[in-house]
Amino acid sequence: QVQLVESGGGLVQPGGSLTLSCAASGRTLNSYAMGWFRQAPGKEREFVAAISRSFGFTSYEVSVKGRFSIVRDNAKNTVLLRMSDLKPEDTAVYYCAAAETSSEAMVVIANQAYDNWGQGAQVTVSS
């Protein structure tokens, strides 16, 4: 099992930017496809972004495409979610997740496929 810890959340004004970091320990992230999910109050957890083990293949939820960017640094065992042009509807708890896979190119979108989760980081977009 890999342990995941998110950081970088906080309060930001609409139109602002924030970068979330996911630090892994216990195992190297080289064997894992990675993803970010979010859960707003009263709503189900939803997919935000995902990246493959290698090659940098990515996928984004439609509402964040062009505003969010997921990147990984396997050497540092971290994954980042760079967020810009933030909107009030982006307010949620953001979770980092890891899915062990033998495929270097697979991008994992379904939350059921992830079996390692961080504790979450609160992002609040408000003026």
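In what order do the elements of the chain run from the N terminus on? The order is β-β-β-β-β-β-β-β-β-β-β, and the chain holds eleven strands and zero helices (DSSP runs numbered from the N terminus, with at least two residues of state E for a strand and at least four of H or I for a helix). The model is predicted, with local features requiring pLDDT of at least 70 and side-chain atom pairs pLDDT 80 or more, whereas totals for chains, interfaces and linings use all residues. Residues are numbered from 1 along each chain as its sequence is written, and side-chain values rest on heavy atoms, without hydrogens or water.

The C-alpha trace spans about 45 × 25 × 25 Å along its principal axes. The radius of gyration of the chain is 14 Å, which agrees with the value near 14 Å for a compact globule of 127 residues (C-alpha atoms; 2.2 Å times the number of residues to the power 0.38). Of the 127 residues, 43% are buried (under 20% relative accessible area, 1.4 Å probe, protein chains only). Among contacts (heavy atoms within 4.5 Å) between residues at least 6 apart in sequence, 62% join residues at least 24 apart.

The largest pocket contains about 160 Å³ of space (an open set of points on a 1 Å grid over the protein atoms alone, where a 1.4 Å probe fits, with protein on both sides within 12 Å along at least five of seven lines; the volume is that filled by probe spheres set on the points). Its lining comprises 13 residues, of which Arg38, Ala40, Lys43, Glu46 and Glu89 are the closest to the centre (lining residues have an atom within 4 Å of a point).

Conventions. Buried means under 20% relative accessible area, exposed over 50%, partly exposed in between (1.4 Å probe, protein chains only).
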